[in-house]
Amino acid sequence: MGTLLVKNIHTLVTMNERRDEIRGGALFVRDNVIEQVGAAAALPAIADEVLDLRDRHLVLPGLVNTHHHFYQTLTRVVPAAQDCDLFGWLKTLYPIWSRLTAEGVAVSAQMAAAELMLSGCTTSSDHLYLFPNDSTLDAEIHAVTEIGLRFHPTRGSMSVGESRGGLPPDHLVETEESILRDSARLIARYHDPARYSMTRISLAPCSPFSVSRDLMRESAALARSHSGVRLHTHLAENVTDVSYSREKFGMTPGDYAESLGWVGPDVWCAHAVQLDDSAITLFGRTGTGVAHCPCSNLRLASGIAPIRKMRCAGVPVGLGVDGAASNDASNVLHEARAACLLARVLDRDAAAMTAREALELATIGGARVLGRDDIGSLAPGMAADFIAINLDRPGFAGAQHDPVAAIVLCQCDAVDYSYINGRCVVREGVLTTAEVPVLVERTNLIAKTMLSA
């Protein structure tokens, strides 16, 4: 790939251990790895490729999305589900999702990835947990690999349908034997635990109300028999979710997770809105991560997750945009802004979360949640995943005295440049790896078919 010099950076936000912010900074990249970071005068003046940002751009680490459902891009703002809480929303959409196909999985994955990449995300997890018709996780992995996003696909699953006391319809669940067999196949075929890996598999039984305790235990055992395979699930998303755990298992969500061995630094849970203090202490002690999805939590009226309390307890926390049918957007910077503002409202304290702490959640926080020590900051030896945002925008006018805070507190919808693994995937605001108008057209056609069937 050669060498790349990014120079004349207005402000370089490193997110390194010292949280250095370098005015007039530069980056020097060799192949897919950052080799030097610092003031422009201290770095090489020559490279195979030079990106001169002319003192107009803020550069920061690529954003990390720790929870999503790419396929839901096909079912945004479905009228009957617009004003439902979690369980009603799911029961409304399950019949529509049962029409999903492999083509829908692939197209929605590229559409979701494109939206994320254009708004600064360079690494994303995705939770695909239903496989009707010819749908496979393979279709998603191939589609995302083609578009160039660093990817943590999770092999989701549902095994307990309505007839056994679960929430999903019986025709959307799988047998536990087939789930575990396919999980093992996917790990063997796609999982790459190496540093700078572009694809890492995790196992993700969907939720307490859609899988058995046996499947949770067996999935954990399978994941832990392989290097770097992590565990993911939804937990304590709203008060109904908590009531289900108490009634079905006689336990709180935190106790339920602990009883199954689903705590530890290789586990991260989506939402965790209603975690009690005991569970927060447990998560902090064990290093169990949380994917904070503020906009989706608001959309479904699930509540406000106590993120400051979690961070004070040592819980690893990253941001997730959640499914595009419950958000209904896929922009990690929007989540950072919402997380910052909601933390202040929840604690009635305007200092409960600073703009820079929100950026930590979006970068190094997400990297930790996904078990990565090679992304999330800009330093020698880190992956060359970074974004550049032009500060000469109407939304940043009057904010030049603190452009870093402006990225969170002002409105920022898109980036100007994005590099993933040393490859330019967004140049001057245009995605270089796919034709976005074509993706939009294909997504709309498949969505129309799914909703009109």
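Mentor: The accessible surface of the protein chain is about 16,300 Å², and carbon and sulfur atoms hold 51% of it (Shrake-Rupley method, 1.4 Å probe; for residues, only the protein chains shown count as cover). This is a predicted model, in which local features need pLDDT of at least 70, side-chain atom pairs count only at pLDDT 80 or more, and totals for chains, interfaces and linings use all residues. Residues are numbered from 1 along each chain as its sequence is written, and side-chain values use heavy atoms, with hydrogens and water left out.

Of the 453 residues in the protein chain, 63% are buried (under 20% relative accessible area, 1.4 Å probe, protein chains only). The C-alpha atoms fill a box of roughly 65 × 45 × 45 Å along the principal axes. The chain has 14 helices and 17 strands, which are DSSP runs (helices H or I, at least four residues; strands E, at least two), numbered from the N terminus.

Now the backbone. Most residues other than glycine have a negative phi, and most peptide bonds are trans. Ala236 sits in the loop between β10 (230–235) and α6 (239–249), and is buried, with a relative accessible area of 0%. Tyr196 is not a glycine either, yet its phi is positive, about 70°; Tyr196 belongs to the loop between α4 (176–190) and β9 (202–205). The peptide bond from Asn327 to Asp328 is cis, with omega near 5°. Asp328 is in the loop that runs between β13 (317–319) and α11 (332–347).

Terms used
Buried means under 20% relative accessible area, exposed over 50%, partly exposed in between (1.4 Å probe, protein chains only).
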